[in-house]
Amino acid sequence: MALKKEDYPISVQFDFDAGEFSPQEKSVERKVSDLSVMFQDKAAVESMVKAGDPLVYEIFYYGFKTSVSDMALGTTRIQPGKVGNEYYMTKGHFHEAHDQPEIYFCVKGEGYLLMETHEGEFQADKWTRGTISHIPPMWAHRVVNTGNEPLVFVATYHLAAGHIYKDVEEKGFLKRLVEINGEPAFVLNEQRK
Ligand SMILES: [Fe+2]
């Protein structure tokens with residue numbers, strides 16, 4: 001019996017310098033105005049949005065669906081920068097499904113992967129080029145770029161995982177990453193007190 005079109009293998013090509021692969025199905029841009037609720041310094045958000053609303057990060061995406069499986073490939077490219085003294089970061093999310101993990105692979109730049117459970121367990125893993133992290137189910141995850149160049153990471157997960165952004169977007173993680181005396185430092189998130 002002939003295979004269906006979607007059941008054939010697909011390969012895409014990653015460009016390590018650009019931090020993108022092709023072909024890709026879609027891409028998403030997040031600017032400071034899209035992330036205003038996440039950053040603590042609202043005056044800095046307002047002035048940055050007025051001054052041109054800079055790009056914070058982009059996601060490039062491909063969903064590999066066959067007749068019996070689904071696997072997503074994503075690449076995220078976070079620009080270097082800060083809102084006030086707080087480093088650029090992704091929205092972060094929990095997975096909707098309670099049994100769905102994810103692999104993140106840092107291919108460029110440096111920063112931190114922040115992870116937290118609903119029960120309040122918090123873990124921050126330092127990332128440099130080449131760090132690969134396994135995020136177990138039920139751990140929210142967010143990536144922060146603390147370097148001076150774009151931070152690029154590749155993600156693989158099942159489409160069935162789903163995403164819940166709201167909790168993390170509004171309350172944030174237990175700790176924020178801010179620049180103090182020119183260095184990244186963790187401070188407690190005031191919104192969580
Ligand atoms: Fe995820």
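Which residue in E13 is the bridge partner of threonine 75? The partner is valine 154. This is a predicted model. The chain holds 2 helices and 15 strands. Strands E5 and E13, which carry that bridge, belong to an open antiparallel sheet of 6 strands. A second open sheet has 3 strands.

**Overall dimensions**

- Along the principal axes, the C-alpha atoms fill a box of roughly 65 × 35 × 30 Å.
- Of the 193 residues, 26% count as buried.
- Take the contacts between residues at least 6 apart in sequence: 70% of them join residues at least 24 apart.

**The six-stranded sheet**

- The strand order is E3-E4-E5-E13-E8-E11, with antiparallel pairing.
- Strand E3 (26-31) and strand E11 (132-135) stand at the edges; each has a single partner strand, so one side of each is left without a neighbour in the sheet.
- From one strand to the next, the twist averages 20°.
- E3 pairs with E4 in the antiparallel sense over 6 bridges. Within this pair, lysine 31 has leucine 55 of E4 as its bridge partner.
- E4 (residues 55-65) pairs with E5 (residues 70-78) over 9 bridges, again antiparallel. The two strands form a hairpin, with 4 residues between them.
- Tyrosine 61 stands opposite glycine 74 of E5.
- On to the next pair: E5 and E13 (residues 151-157) are joined by 7 bridges in the antiparallel sense.

**The three-stranded sheet**

- This open sheet runs in the order E10-E9-E12, and its pairing is antiparallel.
- Its edge strands are E10 (122-127) and E12 (140-145), each pairing on one side only.
- Here too the twist averages 20° from one strand to the next.
- E9 (residues 111-116) and E10 share 6 bridges in the antiparallel sense. Methionine 115 stands opposite glutamine 123 of E10.

**The nonpolar core**

- Which members of the largest nonpolar core touch the most other members? Of its 30 residues, they are Ile78, Tyr88, Tyr112, Leu113, Val143, Val144 and Phe153.
- At least two residues of this core come from each of helix H1 (42-50), E4, E8 (102-108), E9, E12 and E13.
- Valine 144 is in contact with Tyr87, Met89, Gly111, Tyr112, Leu114 and Leu177, leaving aside neighbours within four places in sequence.

**Glutamine 79**

- Glutamine 79 lies in the loop between E5 and strand E6 (82-83).
- Buried, exposed or partly exposed? Glutamine 79 is partly exposed, because 15 other C-beta atoms lie within 10 Å; a buried residue would need 20 or more, and an exposed one 12 or fewer.
- Beyond residues up to four places away in sequence, glutamine 79 touches Leu55, Val56, Tyr57, Tyr88 and Pro150.
- Glutamine 24 is 55 residues away along the chain, and its C-alpha atom is 20 Å from that of glutamine 79.

**Backbone exceptions**

- Most residues other than glycine have a negative phi, and most peptide bonds are trans.
- Which peptide bond is cis, with omega near -5°? The bond from serine 22 to proline 23. Proline 23 lies in the loop between strand E2 (20-22) and E3.
- Aspartate 53 has a positive phi, near 55°. This residue is in the loop between H1 and E4. With 14 other C-beta atoms within 10 Å, aspartate 53 is partly exposed.
- Methionine 138 also has a positive phi, near 70°. Its place is the loop between E11 and E12. Methionine 138 is partly exposed, with 16 other C-beta atoms within 10 Å.

Notes:
Residues are numbered from 1 along each chain as its sequence is written. This is a predicted model: local features need pLDDT of at least 70, side-chain atom pairs count only at pLDDT 80 or more; totals for chains, interfaces and linings use all residues. Two strands pair if DSSP finds at least two bridges between them. Axes are lines fitted to C-alpha atoms, for helices over the stretch in contact, and angles run from 0 to 180 degrees between N-to-C directions. Two residues are in contact if their C-beta atoms, placed from the backbone, lie within 7 Å. A nonpolar core is a set of buried Ala, Val, Leu, Ile, Met, Phe, Trp, Tyr and Cys residues joined through C-beta atoms within 7 Å.
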